[in-house]
Amino acid sequence: MPTIHDEPPVDIQIDLTSLSTTLDAAIPLKNPGSNLLIATWNLRMFGSLTRKWTAASGDSPKRDLRGLRAICEIISRFDVIAIQEVMGDLRALRDMMDFLGPDWSFLMTDVTLGDAGHNERMAFVFDNTRVQPSGLACELVVPPEWLSELGADALKNQFVRTPYAVSFRCGDTTFILVTLHIDYGEGSTDRVPELKGIARWMSNWANQSNRWHHNLIALGDFNIDREGDLLWQAFTSTGLTVPADLNRIQRSIFADPNHPALDKYYDQIAWFASDSGSIALSMNYNKGGGFDFLPFVYTNTELSKNSISYRISDHYPLWVEFVL
């Protein structure tokens, strides 16, 4: 049985080399002491792993070593990345961390019980040579008073998958990342209460005294349909601001480039803007983007996008760069 450390077959190595070369051009390089690269990625059902270079049609799960090696190549480009849909089975995560090596670590929640939670965890994977945890790790719980408020869109229960916050330090800079995966529900209106709840929670936290310098950033899968719709308005209702250059980045491998107005803006990275319109962070935002991995994976196969989505993901990674 092959392992993730083995030399891949020639055709797979060609894909990985092409992927690496493209990433070099698409993602800013890590510049010690000068920049910080933060990302978010919903890795579809990131749980178990078939330890073959290419999973066969009868294999379960479909995620295989070539898909995981591509995931490792992408994740290695960031300093810290929030990952959603980490499942109860940690085989793929453990193989990934083993391949990334001793300079990499992770923090994660326990599984979310209940049908709506889908047995998911949320995790942060980070490069120890670039960032370190700085002391805070918590889940965001709704105050009881909020649950008793009246209104059709009031949050009447706890978050289905509790948002997870961890503080990190990069040199002299401290920042707090809050990752979440909003419950999709039966329809878009089902997502409004959780989106308003996280927006209110984040605003309440950010407005506490001496919090601005902590660089509070929300990131994850918000299940927003499109910019400007009811879900977007709920998400931004307390001032959370998405960098303008992320507003037209495709989030899903199933997005239709011919109809960008219908794109799903599931994944977001956002923070609060001050009254003057400047970003209320001590770090200077430089730029952000996504990454389309499809042209560089499984190129010698006839796998459909849907099949690849179970091997890598149906979401593209989304990233931002800060100048320190």
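Q: Before we look at the helices, what makes a crossing left-handed or right-handed?
A: A crossing is left-handed if the near helix is turned anticlockwise from the far one by less than a right angle, and right-handed if clockwise.

Q: Great, so which hand is the crossing of helix 1 and helix 2 here?
A: Keeping in mind that this is a predicted model, helix 1 and helix 2 cross in the right-handed sense.

Q: And at roughly what angle do the axes of those two cross?
A: At roughly 20 degrees, with the axes of helix 1 (residues 10-26) and helix 2 coming within 10 Å. Angles under 35 degrees count as roughly parallel, so helix 1 is roughly parallel to helix 2.

Q: Which residues make that contact?
A: From helix 1 there are Ile12, Gln13, Asp15, Leu16, Leu19, Ser20 and Leu23. Helix 2 brings Arg66, Arg69, Ala70, Glu73 and Ile74.

Q: What about helix 2 and helix 3, how do their axes cross?
A: Helix 3 covers residues 91-100, and its axis comes within 10 Å of the helix 2 axis, crossing at roughly 55 degrees. That angle is why the two helices are described as oblique to each other.

Q: Is that crossing left-handed or right-handed?
A: Helix 2 and helix 3 make a right-handed crossing.

Q: Who meets whom there?
A: On the helix 2 side you'll find Leu68, Arg69, Ile71, Cys72 and Ile75. They meet Ala92, Asp95, Met96, Phe99 and Leu100 of helix 3.

Q: New topic: where does aspartate 64 lie?
A: Look in the loop between strand 1 (35-46) and helix 2 (65-75).

Q: Buried or exposed?
A: Aspartate 64 has a relative accessible area of 0%. Buried means under 20%, so aspartate 64 is buried.

Q: Which residues is aspartate 64 in contact with, leaving aside neighbours within four places in sequence?
A: Leu49, Thr50, Lys52, Trp53, Thr54, Ala55, Tyr298 and Arg311.

Q: What does the side chain of aspartate 64 reach?
A: The backbone nitrogen of glycine 67, at 3.0 Å.

Q: Zooming out, how many helices and strands does the protein have?
A: Seven helices and twelve strands.

Q: How much of the protein is buried?
A: Of its 324 residues, 51% are buried. The protein exposes about 13800 Å², with carbon and sulfur atoms supplying 51% of that area.

Conventions
Residues numbered from 1 in each chain as written. Predicted model: local features only at pLDDT ≥ 70, side-chain atom pairs only at ≥ 80, totals over all residues. Heavy atoms only, no water. Helix = DSSP H or I, 4+ residues; strand = E, 2+ residues; numbered from the N terminus. Buried < 20%, exposed > 50% of the residue type's maximum accessible area, 1.4 Å probe, protein only. Contact = heavy atoms within 4.5 Å. Polar contact = N/O pair within 3.5 Å; in protein donor to acceptor, adjacent residues only side chain to side chain. Areas by Shrake-Rupley, 256 points an atom, 1.4 Å probe, with all protein chains shown as cover. Axes fitted to C-alpha atoms, helices over the stretch in contact; angles between N-to-C directions. Parallel < 35°, antiparallel > 145°, perpendicular 65-115°, else oblique.
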